[in-house]
Amino acid sequence: MSFLVIDIGNTRLKWGLYAAPSRQSELLAHGAVVLEDIDYLWHLYWKNLHHQPKAMLGCVVAGEAIKRRVEEQLEEGWGVKPNWVSSSPEAGGVQNGYEHPQRLGADRWAAIIGARQRALLTDPVTPPPVLAVMVGTAVTVDAIDASGRFLGGLILPGFGLMYRALESGTAGLKVPTGEVHDFPTNTSDALMSGGTDAIAGAIERSLRRLRVHADREPLLIMSGGAVSRLSHVTELPATIAENLIFEGLLTLAEGLTE
């Protein structure tokens, strides 16, 4: 039974079609579309798929209008009933330590669950604590201890939001994209290096806190559309997960079908 997972973020919808609702299943097709083109999702991608999904699971942080348009295309095209994740006190091997568990973003919840499963694969008996980092429009840095309890995490602006804030609030900073250097000598490189260091610094601090809290070396997992901008930072010994949210969604789907 082919199974569709969907992640509707702040700027793009990402989707993956798997052979079954399982973490071990084959990825048959995948794609992404910017939210401005959401009305064309069926005609651009889905109607030409060789495998038709029988069910789906997704997470959404965009508005209700976007969500409804996706639901219409799922139902009209395939007759698939939409099924969306909501954060809960416990799911997928994770205990949700958020002050109000239901207020945790569904995309963060899925990524946290995916990261915990990766920790279990590393060592099923004594899994390490794990720091799950999603780098997109916003950056989230979430800590899970060795027992599988989500301890909490950070939200900070992503690269694009940082640059736009500086451009709008500071005169004369509309410059081309630069490169990362230890000691930048032009404004473009200073902006790129500053944004990278700000995000990397937040990750390093959270990693250090988790290491002290757990008295053990954590596993650092990074994912998201802009993660490549951090992959060169040698101080971050990270595992790059291409589809961490999908992994979490498939974990939750397994629980629904058991």
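Modeller: The secondary structure of the protein consists of six helices and 11 strands; helices (H or I, at least four residues) and strands (E, at least two) are DSSP runs, numbered from the N terminus. The radius of gyration is 19 Å, close to the 18 Å that the globule rule gives for 258 residues, so the protein is as compact as a globular protein of that length. Here the radius is taken over C-alpha atoms, and the globule rule is 2.2 Å times the number of residues to the power 0.38. This is a predicted model, in which local features need pLDDT of at least 70 and side-chain atom pairs count only at pLDDT 80 or more, while totals for chains, interfaces and linings use all residues. Residues are numbered from 1 along each chain as its sequence is written, and side-chain values use heavy atoms, with hydrogens and water left out.

The C-alpha atoms fill a box of roughly 55 × 45 × 30 Å along the principal axes. Of the 258 residues, 47% count as buried; buried means under 20% relative accessible area, exposed over 50%, and partly exposed in between, with a 1.4 Å probe and protein chains only. Among contacts with a separation of 6 or more, 57% join residues 24 or more positions apart, where contact means heavy atoms within 4.5 Å.

Seven strands form an open sheet in the order 5-6-9-8-7-10-11, with mixed pairing. Its edge strands are strand 5 (90-91) and strand 11, each of which pairs on one side only. Two strands count as paired if DSSP finds at least two bridges between them. In general, strands of a sheet pair through backbone hydrogen bonds, either parallel or antiparallel.

Strand 9 (residues 149-157) pairs with strand 6 (residues 94-96) in the parallel sense over two bridges. In that pairing, Asn 96 has Phe 150 of strand 9 as its bridge partner. Strand 9 also runs antiparallel to strand 8 (residues 138-144), to which seven bridges join it.

Val 130 stands opposite Leu 219 of strand 10.

Asp 215 lies in the loop between helix 5 (187-214) and strand 10. Although Asp 215 is not a glycine, its phi is positive, at about 55 degrees. Most residues other than glycine have a negative phi. Asp 215 counts as exposed because its relative accessibility is 71%. The other loop, between strand 10 (219-223) and strand 11 (239-240), holds Pro 237. With a relative accessible area of 58%, Pro 237 is exposed. Its C-alpha atom is 15 Å from that of Met 134, a residue 103 positions apart from Pro 237 along the chain.

Another pairing involves strand 1 (residues 3-8) and strand 4, which run parallel and are joined by six bridges. Phe 3 has Ala 55 in strand 4 as its bridge partner. Strand 4 (residues 55-60) is mostly covered, as five of its six residues are buried.
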